[in-house]
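Thanks for asking me to look this one over.

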Amino acid sequence: MKFASFRHQGKDSFGLVTGEQVIDLGHAGAGSLKQYLARGGAARAQQDAEQGRALAIAEVQFLPVIPDPEKILCVGINYLSHVKETGRELPKHPMIFARFADSQTGHLQPIIRPHASEKLDFEGELAVVIGRKARHVKAAEALDYVAGYACYNDGSVRDWQKHTIQFIPGKNFPQTGGFGPWLVTPDEAGDPSQLSLVTRLNGTVVQEARTDDLIFPIPVLIEYCSTFTELNPGDVIITGTTGGVGAFREPPLWMKPGDVVEVEISGLGKLVNPVAQEA
């Protein structure tokens, strides 16, 4: 199944994506997809959809898959190809930093280049959405706690990211993190360690990898994160980007207003965002 968050006629809702339609599930007693997951809604989604209103996908404005996550935990330097281009040593533990919910944007919505910098970089990534409360989860059981997967563009303002050894400023400018188009449940997504990821800038491939290149795979990330914090339904783990980012190219390749950036992951769909200048 595929779930999307969207706005229709000024009202925010969420629903089940079927073909070129989304079945509005806002009637099902939950105010958001996060709340729906917390109430076990995925198990009854087909039944709830029988009472929902069908909307054409073209009629809705996509929101970030989870517009209101309690936590967005991002993993840095987690692909071997990215470690090589940065010249870093292999990390001994996952490098974790945080994003804020208001730094996100939805499918087909603009990624915003801020006034503060022109060094806006792309980072195609696989996002994991937690489906139930997780604390001290072992890697062997970790995938049982996953609600689904989605595409993410962890847009990075590189000079602000490098002000100190802490990444948070460069990762939290408003509307720099693309998240979408939808969440795909594990039964439909397949093995998350065998997915292919491609990022395109203006139609040109700039990143390409498979998720088996992850240094810390998803079960290990869930075990690690659930040890230092309690993961709740709707929490998001963004698993890291592969090699090819703009900052390590010669000359550097930055996203600019008028560009279109795509992140496509096999089985999950394609996230598309135009780039615009901050107003």
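**Notes on strands, cysteines and the pocket**

1. Strand β1 and strand β14 (residues 177-184) pair in the antiparallel sense over two bridges; F3 has L183 as its bridge partner in β14. Strands here are DSSP E runs of at least two residues and helices are H or I runs of at least four, numbered from the N terminus, and two strands pair if DSSP finds at least two bridges between them.

2. A word on the basis: this is a predicted model, in which local features need pLDDT of at least 70 and side-chain atom pairs count only at pLDDT 80 or more, while totals for chains, interfaces and linings use all residues. Residues are numbered from 1 along each chain as its sequence is written, and side-chain values use heavy atoms, with hydrogens and water left out.

3. Strand β2 (residues 11-18) runs antiparallel to β1 and is joined to it by seven bridges, with L16 as the bridge partner of F3 in β2. The hairpin of β1 and β2 has two residues between the strands, and Q9 takes a positive phi near 50° there. β1 also pairs with strand β5 (residues 61-62), antiparallel over two bridges, where F6 stands opposite F62. Five of the seven residues of β1 (residues 2-8) are buried (under 20% relative accessible area with a 1.4 Å probe, protein chains only).

4. Another sheet is open, with five strands in the order β9-β19-β18-β15-β16 and mixed pairing. Its edge strands, β9 (111-113) and β16 (204-210), each pair on one side only. Inside this sheet, β15 (residues 196-201) and β18 (residues 260-265) are antiparallel over five bridges, and L197 has I265 as its bridge partner in β18.

5. How many disulfides does the structure hold? The count is zero, taking a disulfide as a pair of cysteine sulfur atoms within 2.5 Å. For C74, the nearest cysteine sulfur is that of C225, 10 Å away. C74 is buried, at a relative accessible area of 0%. For C151, the nearest cysteine sulfur is that of C74, 15 Å away, and C151 is also buried at 0%.

6. Finally, the lining of the largest pocket divides into seven nonpolar, six polar and seven charged residues. Of its 20 lining residues, the closest to the centre are I77, R88, R158, Q161 and F167. β6 (72-76), α3 (80-86) and α4 (158-161) each supply at least two residues of this lining.

Conventions. Buried < 20%, exposed > 50% of the residue type's maximum accessible area, 1.4 Å probe, protein only. 1 Å grid on protein atoms, 1.4 Å probe; cavity = no way out; pocket = protein on both sides within 12 Å on 5 of 7 lines; lining within 4 Å. Nonpolar A, V, L, I, M, F, W, Y, C, P; charged D, E, K, R; others polar.
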